[in-house]
Amino acid sequence: MSGVFISYRRADQAWVGRLADHLNARFGKVLIWRDVEDIKPGKKWLDEIINAITNSDVILVVIGPTWLQDESGRRRLDNSDDVLLLEIETALESDDRVIPVLVGNTPMPQKEDLPPSIRKLLEIEFAVLRDREWDQDIQQLIDTLRDFTRKRRDRQPLKELHQ
């Protein structure tokens with residue numbers, strides 16, 4: 001089972017792909033879970049997502065420029081069918097496993113921007129991934145994940161493949 005679940009909007013795919021590539025290189029593909037690579041045809045995608053979140057050690061909630069609103073300005077998180085909302089609600093059931101990750105110079109949302117069910121997200125220290133400081137930012141996130149207090153199912157800490 002994966003050690004790190006990546007929750008994101010499709011509009012942030014470029015950031016998430018870059019993030020996943022770096023995490024895969026450090027921890028191995030088997031430890032990184034994201035829907036586009038890990039849900040196989042014929043599977044019930046919602047069941048797969050819930051199962052992956054439940055069995056992951058860490059959930060990265062990637063927050064990009066269109067995370068709150070779509071291109072037309074509609075608030076996405078107000079839609080009860082928003083899969084990302086469900087992912088975050090599920091992840092926050094054990095918030096000691098959640099790390100918000102801000103990308104694309106996106107600021108942390110304000111309390112009034114979020115539905116009450118996910119406002120706990122604002123109480124959690126966030127990571128930042130910036131284009132110009134990528135090497136520094138990704139290394140800091142990797143260090144955080146490596147040293148994360150939760151253990152994988154086999155009770156071993158996340159270890160880098162390449163030092």
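**Helix packing and an aromatic pair in a predicted model**

Tryptophan 134 is buried, with a relative accessible area of 3%. The model in which this residue is described is a predicted one. Tryptophan 134 belongs to helix H5, which spans residues 134-147, and its ring takes part in an aromatic pair with the ring of tryptophan 15. The count of such pairs comes to one. A pair of aromatic rings is described by the distance of the centres and the angle of the planes. For tryptophan 15 and tryptophan 134, the ring centres lie 6.2 Å apart and the planes stand at 40°, so the pair is classed as tilted. Because edge-to-face pairs require planes over 60 degrees apart and stacked pairs planes under 30 degrees apart, the value of 40° places these two rings in the tilted class.

The protein as a whole contains five helices and five strands. Read from the N terminus, the order of these elements is β-α-β-α-α-β-α-β-β-α. Of the 163 residues in the protein, 45% are buried. When contacts between residues at least 6 apart in sequence are considered, 74% join residues at least 24 apart.

Packing between helices was examined for H3 and H4. Two packed helices are described by the angle between their axes and the distance between the axes. Helix H3 (residues 45-55) packs against helix H4 (residues 83-91) at an angle of about 30°, and the two axes are 9 Å apart. This angle makes H3 roughly parallel to H4, because angles under 35 degrees fall in that class. The crossing of the two helices is right-handed. On the H3 side, the contact is formed by Trp45, Leu46, Ile49, Ile50, Ile53 and Thr54, which meet Val83, Leu86, Glu87, Thr90 and Ala91 of H4. Classified by residue type, this contact of H3 with H4 comprises eight nonpolar, two polar and one charged residues.

A further local feature concerns the backbone of asparagine 105. The phi angle of asparagine 105 is near 60°, a positive value in a residue other than glycine. Asparagine 105 is located in the loop that lies between strand S4 (98-103) and strand S5 (127-129). With a relative accessible area of 71%, asparagine 105 is exposed, whereas tryptophan 134, at 3%, is buried.

How values were computed. Residues numbered from 1 in each chain as written. Predicted model: local features only at pLDDT ≥ 70, side-chain atom pairs only at ≥ 80, totals over all residues. Heavy atoms only, no water. Axes fitted to C-alpha atoms, helices over the stretch in contact; angles between N-to-C directions. Helix = DSSP H or I, 4+ residues; strand = E, 2+ residues; numbered from the N terminus. Parallel < 35°, antiparallel > 145°, perpendicular 65-115°, else oblique. Left-handed = near helix turned anticlockwise from the far one by under 90°. Contact = heavy atoms within 4.5 Å. Nonpolar A, V, L, I, M, F, W, Y, C, P; charged D, E, K, R; others polar. Phe/Tyr/Trp six-rings, centres within 6.5 Å; stacked < 30°, edge-to-face > 60°. Buried < 20%, exposed > 50% of the residue type's maximum accessible area, 1.4 Å probe, protein only.
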